[in-house]
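Visitor: I am new to this structure and would like to learn how to read its features one at a time. Could you show me the model and then take me through it?

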Amino acid sequence: MGLAYSLINPKMKLNNNWLVILLLIVAFLVRLFPLNFPAFTSDEARIAFRGYTLIRFGTDELGRKYPLIFNSLDDYQLPLTSYITSIGVAFFGKTDLGVRLPFILIGTLTIWLVYVISSLFFSHKFSLLSMLIASFSPPLIFLSKFPNDLIILVFLLLILFLNLTKKYVNLLITSITVVLLLSLSKFSWFIIVPYVAFTLFFYQDNLTKSKKLAIVAFFLLLNFLIIFLFLRIPQSVRSFSENNFLLFSDISIKNGIDKLRGQGIQSGWSVFLEKILFNKSHFLFVGFLHWLSNIQPAVFFAQFDKNGQFGFVSMGAWSKILIIPFLAALINIIKKNGNRKLKFLLGYFIILTYPVFFAYPKNLSNVTILILPFMAILIAWGFFSLKNWVSKLIILLMILEVVINLSYLNTQIKNTNDLRPLWIKEIVLDGFKASEKNKVAFSDDITSDIVPFLQWYALHTSTGSSFNLTFPYKFRQTQISDIKIIGSEENFYNCGLDRPTYIFASKRDLKKIHKAEKINVNKVYEDSLRSEVVYLLPPIICVK
Amino acid sequence: MRKVVSKKIILLVLIIILGGFLRFFKLDKFPVQLNHDEMSQLYEVISIAQTGKDVYGNYLPVAFPLFGVYAPGHYIYLTTIAYQFFGGEEITIRIPAALMGTLTIFSCYLFVLALFNNWKLALLASLFVALSPSEIFFSRKSFEYMIGHFFIFFGLALLLNYIKKKRSVWIGITGLVSIILATYTYTAHTATVPPILFSFLIIFRKELIKKKFYIWPFLFGIIVTLPLIFLIFTNSDLRFRANTIFISKDPQLGVLLNNAKMENSLLTAFLSTKIYIDYAFNRYLHQFDPTYLFGEGLDFTNQGYIDIGPLYFFQIPLFLLGMIFLIKLSNFSKEKKFLISLILLSIIAGSLTFEEHSPHRSVMTFTLLTIVSSIGSYWLFSSIIQTKFIKTNIRYLLFGLITLTMILNFIYLTHLYTVNYPYEKSQSMHYPFRDVALYAWSQYDNFPTIIFDPQFGDVAPEIGVAAHYYIAYYGGYDPKKFQEDYRIGNKPREVLFDKFSIRQVYWPEDKDLKNTLVIASPWSVPINEIDRDLIIKRFDFYNGSPAFYAIKL
């Protein structure tokens, strides 16, 4: 631990501190530039706008006063991320910098925490190496660049680790950290208690067993209390079932069991044997395989996220070449080389990812980000077994791969054309400008949810005060002041004497309109792939 | 000593008999019908055996065009031997693969024995291979991969034997020839054998130099490979085959490459190369997806993870134990390095294709992983036996539980393979094509023209490209006559022979035909609009849903 705080120890060699600071600056700059990359998804834009409304008007995007449960397209959102976003907006306004900076800072501090934790195991040199490795992890870079709960979760988990492994555990700070974690995401409700228990029992040497158990019991109670409070919210059970326990609500497993069993009975196999072969135990097998699939080597070293939401489409959580030191570390563990406590880090692979088991068929490889800091330490350990020149070559290739990917972001922008629509900004700004004097309508299939983009890029007022929603769950707005969102069920007609509308139509609606009336298009908007996506129509057509 | 030898041999023979039983039992019944690969190969066997030419009139071709896929010909030529014994029966085409699959059990025994010099472990490994889902599955279809598969393990066993013991140089040479022979049998082997041999040369270089088995065998290897290199460069059909399955044909990769296009062509070339590397590496690592290996890789069902992989589910912990044991093992450092390098290299062929997973190109990897899991089980069993604090009763209980788990897994495989696989995947076996062909011949005298549109599908349509083979085979059509009659027609996808026209049915036009039997699926004809009296027969998939209708015009 002594080394952990060497940064603030004036007696420590200046060189060492300078290297840490230098690496932190590198990590910060890699996260800062380019500032507007990656473009927001609709949910990220929603949080960004919410951060603005919270600090400016004291309401969320739906007009509710300082709520604790927020809306998103997937699930309820817990409060911490939104309020952290609002802090950035408080300082830098409704800008990319304002919204992204808190996460950039948290991401950078996470790298520093990796150094501090590494210092518990290694010399300064290898701690620096852990730090360097973590600095260049694509998901850790990506998640430091937009509003999201995962990077805060990583950060707080590391803080918690440090608190729990101190000689004297400060219960107040630890409790605050746990409360923050519990108010961050539902995912943390599953992992906090095992995480605390594991850390205390494997890394805390100064507390007695009974004290450790008392701490675990205390956090268990706290966890239950939060879950109990959450369960009082309408649709909370649905929220759990649709997002956290999909395994049990997914009908395909039960249908599969019944179908295969039925085929056996039809073919003359005994019912008894059928029940032995095809039964509810398949839920366990399916969950287990799903979990394994989400933490397979390819996720870490080849493709972390094929949609490109949390990393480069063509990269894993780490540079490919780091598979070598990682395997070397695993061999070290098996051969019982090195520090015993280093080996226990593998335990976090299970503790921090096991909820994926229950999430089948939802792909949750993004939660593996939680183990990346620990993995960085293990990878650094793997370098112990490698020759010096091999290590240097690996580090060089690691940096090179990330730098190449960061240098040609255009490819990534195209790969995430639908998920992170950079091109939407021009469309919503034009639409918003037109709405100052006219009625405006947008097709709802231009992107997954266009409203948050309109709010984030164009709106400077609070919206939705008329919504009387206490706990909005997967709520979609279809109207913002004079702007209407056109659903697939809606029809069009020639306005005649009615007030005309400027329609930003998708291909779907353009086809529908053309069926009713042939009109020319005023302007065509293209996406990042240079495909036509939106057609601005002259104000002749109205929406029924 | 003699007792041990005889015990060892008896056990090995029993295991091979068991493996043979699992590969040959009801070989004509499961899979329930010859699929289009098997069907085309079988008719080509008959054609070659009777006329020396394939059905398209090519004299002893190196690669058979079949239905446009240009398959290497060795399997067909090999089956002509089985043809001499069993005639043109359906089972004939499956016999070589089943036989080689059975012999692979023996070659794996030799391989493990040569590697670790432990006959108990070798027996356990051969038992695991005998019961392996991937080995059983791929041995029971006419799969040309299995020939080279046997030769590789056999050759490696001989090579290892030669360098580790005082053996005649001919053992080494036979081993080398055996491995190189494998490269002639399947594209996947052509891709994997050279790196495997290279790793053998590197890892065992000291032993090879000591035996002076380095330079001239290497040259010999090149000489034996020369014909293959010559064939690859001169035979465009073989090259076509390799090109069509290469990773570059993956549409997803195409999208990524397209997105990387820049104005600067040099930069585009650089980024494209990088994307190729990224993509191939990703594909490579994905071959080790546990879900694929232990859950659903054999794709017997349409029920997601409720399926079976090339390895049993119970092998997950055994495989991990095996890897741990290998790493911990203080001796056999070269042998374990070689085994791990084999796993890493043998998966290359499967990972460089246009498909996300190509289990049929990765059988060798599955077998090696099976061997590793047998090492894990050997370690586990030894630990249970040697751990003193485990009471005898508990020991029996543990063995009982492990055995029960294995038996249950095996019954599960049997169930999925014999019951669910036909129900769920009969389309992939082109299930009602045999019935269609037999029915078409039964109506031969009633119609001057019989049209068959092989577009079919339970959920989505596909074209059964080997339809002409089914009709020719099940009609007992003379291959010589077929070679003369076969011609390409003017209509879409049309091939003609005798009074059969196999082509796309275009109902607005074809409904006006007279004196014609049309056999087509609901994907080609609006079956609900057709007069019920005209529909004279329905052909179902194995699960009972309609596949084709015979319509009398």
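Guide: Let us begin with a term we shall need: a polar contact is a pair of N or O atoms within 3.5 Å, and within protein one of them must be able to donate a hydrogen and the other to accept it. Please keep in mind throughout that this is a predicted model.

Visitor: How many residue pairs are in polar contact between chain B and chain A?

Guide: Between chain B and chain A the count is 13 residue pairs, with both residues at pLDDT 80 or more. On the side of chain B that touches chain A, helices H13, H14, H15, H16 and H20 of chain B each supply at least two residues, and the largest share, 11 residues, comes from H20(B). By kind, the residues on this side of chain B divide into 24 nonpolar, 11 polar and 6 charged.

Visitor: How is the size of an interface often given?

Guide: It is often given as the accessible area lost when the parts come together. Here chain B and chain A bury about 3900 Å² between them, and 72% of that area lies on carbon and sulfur atoms. Of the area that chain B buries against chain A, 17% is supplied by Asn259(B), Tyr305(B) and Ile306(B), which is more than any other three residues supply. Counted by residues, the contact takes 41 from chain B and 47 from chain A.

Visitor: What should I know about salt bridges, and which side chains meet in one between Asp278(B) and its partner in chain A?

Guide: Side chains of opposite charge can pair when their charged atoms come close. The count between chain B and chain A is 1 salt bridge, in which the side chains of Asp278(B) and Lys320(A) meet at 2.7 Å, N to O. Over all chains the structure holds 35 salt bridges. One of these joins Asp43(A) to Arg46(A), with the closest N and O atoms 3.0 Å apart, and both residues lie in helix H2 of chain A, 3 residues apart, or about one turn of the helix.

Visitor: Turning to strands, what is the order of the open sheet in chain B?

Guide: The sheet has 7 strands in the order S6-S7-S8-S3-S9-S11-S10, with mixed pairing. Its edge strands are S6 and S10 of chain B, each of which pairs on one side only. Strands S3 and S9 of chain B pair in the parallel sense over 4 bridges, and Thr449(B) stands opposite Thr516(B) in S9(B).

Visitor: Which strands does helix H21 of chain B lie across?

Guide: Helix H21 of chain B, residues 433–442, lies across S3, S8, S9, S10 and S11 of chain B, and runs at about 155 degrees to S10(B).

Conventions: Residues numbered from 1 in each chain as written. Chains lettered and ligands numbered in written order. Predicted model: local features only at pLDDT ≥ 70, side-chain atom pairs only at ≥ 80, totals over all residues. Heavy atoms only, no water. Pairing = 2+ DSSP bridges. Contact = heavy atoms within 4.5 Å. Axes fitted to C-alpha atoms, helices over the stretch in contact; angles between N-to-C directions. Buried area = accessible area lost by both parts, 1.4 Å probe. Salt bridge = Lys/Arg side-chain N within 4 Å of Asp/Glu carboxyl O. Polar contact = N/O pair within 3.5 Å; in protein donor to acceptor, adjacent residues only side chain to side chain. Nonpolar A, V, L, I, M, F, W, Y, C, P; charged D, E, K, R; others polar.
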